Structure formats: C-alpha cells, structure tokens
Amino acid sequence: KFIMNNLHLRDLNFSQKDIENILSDSNFMNECFITSQNMTIGTAILVKNQENKISDAVLDASTISDKIVVCDTGSTDGTLKVLEKISTEIPLEIKTFAWEENYAKMRNIASSFLDTDWIFIIDSDETLESAISIAQLKFCLAFLDRLFKGRDIVLSFRQNAANMNGTGYPQRLYRNSKSLSFWGYVHEELRSPNIVNIQTKLTLFNEGTHELEIDKFNKSERYDRLLLKNIEKEPNNPKWVALLSQKWILDNLDTSYGMVMKLVNNIKKNEKSDDFFEINVFSVYIIILMGTSVDFANILEEIQVAKKIFSNHPIFFYFEHTLKLIEIDNLVLKQINLLREDIDKIKAENNSNIDWLVYYPTENLECVMIKLLMKYEKYNMAYDMFLRNRQELMKTHLIDPEVNFFENIRINN
C-alpha cells in the first residue's frame, strides 16, 4: 500500500496491474523484506547560519536515517552550538569545511562522508511533512532495488515552499553509487549514465523562499550568477535558462532574448513535449515578446505553436487572453483620446457661438467618457468626472450601473 500510494507509477514504466502482480509474488516480497533488514540510509545536510531551523531538519531526518552527517560551511551564528547540543540526543557527525559557490561540489563532498546504501539529503531550512517510518521507506527502496537491479535510482520528493503557489520535485533520496554524482553550480542535479528518476508523493516543506531568507543569503543575485555559469557549460539545456529570475531576464533583454530564442527554435522541432523547463523557456519567450513587440498577430501565432507542442498547457491560454486584454485596453485608450479630441472640438465651437438647430446634451458624451475610463480601469478619474456633474449625469440613465457603483462609494465614504 505504501508503494502504491507514494510512487508515481508512470516513472516506473509499469502499469498498476503489473505492480500489483509483482507485489503479490511472495518470493519477490520476501527477498525485498530481507534486503530491507540489512539496508542502511544516511542523511547529508549542508548548513550555514541556520541556528533557528537546523534542529527541525535534523530531528526529521533522524526518523528515516541510520546515520546523519551535518556539514557546516562557515556559520557565524549559534548553529554549531545547536548541533553540539542535538548530538547529545541524536547520534550525528559534524563536519566543517569552507563554502564554495558550487552547490554540486558541496553536495558531493557532504555525501562522501556517508558509507550507507542510500543517501537522503534535506536542506537545513526544510522539514519532512510526510509521516513515514524507516521500515516502510527501506522496504520501498528494497522493492525498487529489486525492480531496477544495477541501476542508479533517484527519488524526487514533493517540495512545498513558503510564499510559493506551485510545488517542486527536487531529488532527495538516492542509491549510494560511484557512478552517481551532482552537477551544477546551483539548482544541482544528480547525473549518471545509468540513472532512474522516480517522482514520489513524499513531501518536504522549504522555508528558504521567505523574503527574509532570500535577502539573508542574497539568493536572487547569487543564483542568477551561478545559473549563468551553468549556461556557459550547457547552453542548450533549457533548465538553466528557465530558472533565471524574471528580473535578470528583463534587465538583460538582448542577452536573454538570444539565449531563449536559440532554445525555442530547438523546442519547435518537437511535435509534443511535457518537459517542465521547456514550458518555462517558451513562457519566458512569450513574456519577452509581450514586453518588447507590438506585433500582436505574431505573438498570438507563437502562442498557438506553444499550445500545440505543450498539449494546451493552461499558461499559454493565460498568455493568449492576457494579450487580448491588452488589445482591448489599447482600443479603449485610443477611443478615450478620440473622444477627448471631439469634446475639445465641441467646446471650441460652443465658444465660437455657433447655434445648432437641434440641441443634443453634451452630458451624453461625458457618460461615454466615464464608461471608457471604467473599462480602462481609471476608476478615480471616472469618479471625479461623475462628481463634477453628478446631478445632470444621473438624469441621462446611460450610466446607471456606474452610477450605482459610484453612489455606493460616495455613501460608504
């Protein structure tokens, strides 16, 4: 039940029926049980200046680990004292070494201190949300070990984060193998010629996305700088461009457009894709076009291409309808300017004492202007215009919905 409920079966390349048949094989299950009894899991934690959070990470890791190694990379607060206190209650090794701006290298060093069969990594500002026992986890790993003999198995955990709407799936648990190691200056990933990536429903909560944490470690600027190093090494990998901050993209439009355009041309060669990072890169491309181009027809064409490749992904519907809203706004603004010119023309003719044979109230034009201003979301301007000639405008009944809205504001104020 734990296996069926916590592993994404699509990553196993087995149907639910196949898995059920395997799980019903008593010999196979017995071998898994024996393997799990002899299995060891170690945890590697990197930490720097997290005196208020490190204890929670260690305590949660201890529930699914036989061994814990915490690597301090230069704390200047009370982190080491907290770790020394925890070590009297929970067996753990404390290692210290200097931080280098290369997350993969740091992860690999931390992992090298473990001789366990499996390695679990948890950030110093993370906690484990899923309620799992070490026995359940070991049996699950033994099952995967038997299913993928000789392969480098990597499990991704679901990651919820502070101030974030979506979820990520970082790699968090993996077979201790000489052929498996981290790569990347930042947003590092495990690589091996023999890798099997499996997504799970096991969940972590990360507090590192709080604004205070981002500012504390200067994450935005540092991550962008390190991602550019990744891009220099792997310019055709969409992941690194997709993870650049929107601020960097917009502040460096000439450079970012070249990066993105090259990747988009490669993506367009695919008939279909569900790759998360390719979707992000194409989204960045559309954002750049919307911010720099007035050729809405061309942007809409590119959005249609994206919808076809990414099987009508919702983000491209959002872009499509946002673009149409911008078009409507532009039309409304144009109409406001035309109406303003006409009103000025009428005022000029009134000043020249021209007598019209048929009188038509100019308040009606003000009503049209108020409606246009409301559509353009210039609510204060529309309200001020209404107040200047309130009694006359209310007689026209042309703006009854707006009048009701304004009167409610006036009464409440």
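Student: Axes are lines fitted to C-alpha atoms, for helices over the stretch in contact, and angles run from 0 to 180 degrees between N-to-C directions. So at what angle do H13 and H14 pack?

Tutor: Helix H13, residues 276-292, and helix H14, residues 296-309, pack at an angle of about 170 degrees, with 10 Å between their axes. Helices (H or I, at least four residues) and strands (E, at least two) are DSSP runs numbered from the N terminus. The model is predicted, so local features need pLDDT of at least 70 and side-chain atom pairs pLDDT 80 or more, whereas totals for chains, interfaces and linings use all residues. Numbering starts from 1 along each chain as its sequence is written, and side-chain values use heavy atoms, without hydrogens or water.

Student: And what does that angle make H13 relative to H14?

Tutor: It makes H13 roughly antiparallel to H14, given the cut-offs (under 35 degrees roughly parallel, over 145 roughly antiparallel, 65 to 115 roughly perpendicular, the rest oblique).

Student: Which residues make the contact?

Tutor: On H13 they are Phe282, Tyr285, Ile286, Leu289 and Met290, and on H14 they are Ile299, Glu302, Ile303, Val305, Ala306 and Ile309, contact being heavy atoms within 4.5 Å.

Student: Switching to the sheet, what's the strand order?

Tutor: The sheet is open, with 8 strands in the order S3-S2-S1-S4-S7-S6-S10-S5 and mixed pairing, where two strands pair if DSSP finds at least two bridges between them.

Student: Which strands are at the edges?

Tutor: The edge strands are S3 (93-96) and S5 (126-128), each of which pairs on one side only. Ignoring direction, neighbouring strands in this sheet are turned against each other by 30 degrees on average.

Student: In what sense do S1 and S2 pair?

Tutor: Strand S1, residues 41-47, and strand S2, residues 67-72, pair in the parallel sense over 6 bridges, and glycine 42 stands opposite lysine 67 in S2.

Student: Which strands does H5 touch?

Tutor: Helix H5, residues 79-86, packs on the sheet and touches S1, S2 and S3, and the direction of H5 makes about 160 degrees with that of S3.
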